[in-house]
Amino acid sequence: MSLQQLRQKAYENYIAKLIRQYQSDTKLLAVADRLMGQTIAKAGTGQLDDDGAAATAIRLYVKVAARQVPNKASLQARERLAVVIRETRSRLAQLKETMAKLEGGTDSLDPSVDRGQALADCIRSIEELADKCGKVPGLGAEIRTYFKQQEKRPHVVAAVKEAAAKKLWLAGQEYEKKDEVCCAMNAYEEARLQAGAPSALKANKRLRELQGDFLNRLAQKKCREVESCHVKYVLAEKMLIDNPKRAKKLFAEIADQAPSDSALRQKAKQYLRNL
């Protein structure tokens with residue numbers, strides 16, 4: 001199972017845990033309101049919804065609102081969903097308008113705007129809407145369909161690839177300035193996956209140069225192992241309640257792979273002793 005699949009599994013387990021822990025519609029609605037409130041508060045201070053609180057809240061609204069026999073909580077959940085749908089449709093309309101503008105003639109854009117980067121940002125925003133509202137009946141399918149249509153277009157693919165590759169290329173350059181070669185190599189390795197993008201070609205060339213040094217290859221191997229262990233540790237903690245067998249396996253992998261003198265390895269061993 002890949003790390004991405006593990007992340008998805010951990011998220012599904014989290015949703016299931018919430019539903020089991022707060023079985024009544026009233027309690028589920030309260031949890032959803034709290035999560036949505038956290039998202040709104042973060043947005044007010046310029047922070048990202050990096051823990052998916054909004055998506056979780058919307059999924060809970062959908063579950064409670066779907067009751068065939070209405071109750072007070074389900075009616076309130078439907079009201080919350082109506083607001084979400086209205087605001088999301090407005091945001092989607094804005095993004096579609098932006099897409100049209102970016103694909104228009106050069107006269108439609110400010111000369112200082114990087115068309116490719118702006119196009120990639122727009123597509124990413126549409127994808128975020130699809131992730132957040134994917135479970136909303138009707139609306140989720142509409143957003144996903146539009147996103148899939150756009151992401152297959154050749155010029156959109158090229159823009160998205162270059163935006164991702166350029167970001168990683170610049171990150172790699174910064175790592176090199178700080179003499180963190182192993183992190184730079186990881187960034188370049190990710191960048192070159194965006195095949196065909198100009199920045200991906202630069203990253204691939206620089207990666208091959210750095211790989212010519214055995215010490216660099218060794219440092220990257222250790223760096224990759226540590227990074228993988230950190231991801232596994234976060235996932236294992238989330239799976240402790242719902243999937244303890246899987247959590248134990250992940251902790252065992254960390255105890256085996258993490259550097260012998262790392263705190264992460266010691267924590268994993270402690271969990272294994274307690275499981």
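Select D25 to begin: its relative accessibility is 12%, so D25 counts as buried (buried means under 20% relative accessible area, exposed over 50%, partly exposed in between, with a 1.4 Å probe and protein chains only). You are looking at a predicted model, where local features need pLDDT of at least 70, side-chain atom pairs count only at pLDDT 80 or more, and totals for chains, interfaces and linings use all residues. Residues are numbered from 1 along each chain as its sequence is written, and side-chain values use heavy atoms, leaving out hydrogens and water.

Colour residues 25–44 and you have helix α2, where D25 is found (helices are DSSP runs of H or I, at least four residues, numbered from the N terminus). Next, show V64, R67, N71 and A73: D25 touches these residues, leaving aside those up to four places away in sequence (contact means heavy atoms within 4.5 Å).

Now move to C223, which is buried, with a relative accessible area of 16%. How far is the sulfur of C223 from the closest cysteine sulfur, in C182? The distance is 3.8 Å, too far for a bond, as a disulfide is a pair of cysteine sulfur atoms within 2.5 Å. By this rule the model has zero disulfides.

For the last stop, colour helix α10, residues 214–239, and pick out L215 within it. Is L215 buried or exposed? L215 counts as exposed because its relative accessibility is 60%.

How values were computed: Helices (H or I, at least four residues) and strands (E, at least two) are DSSP runs, numbered from the N terminus.
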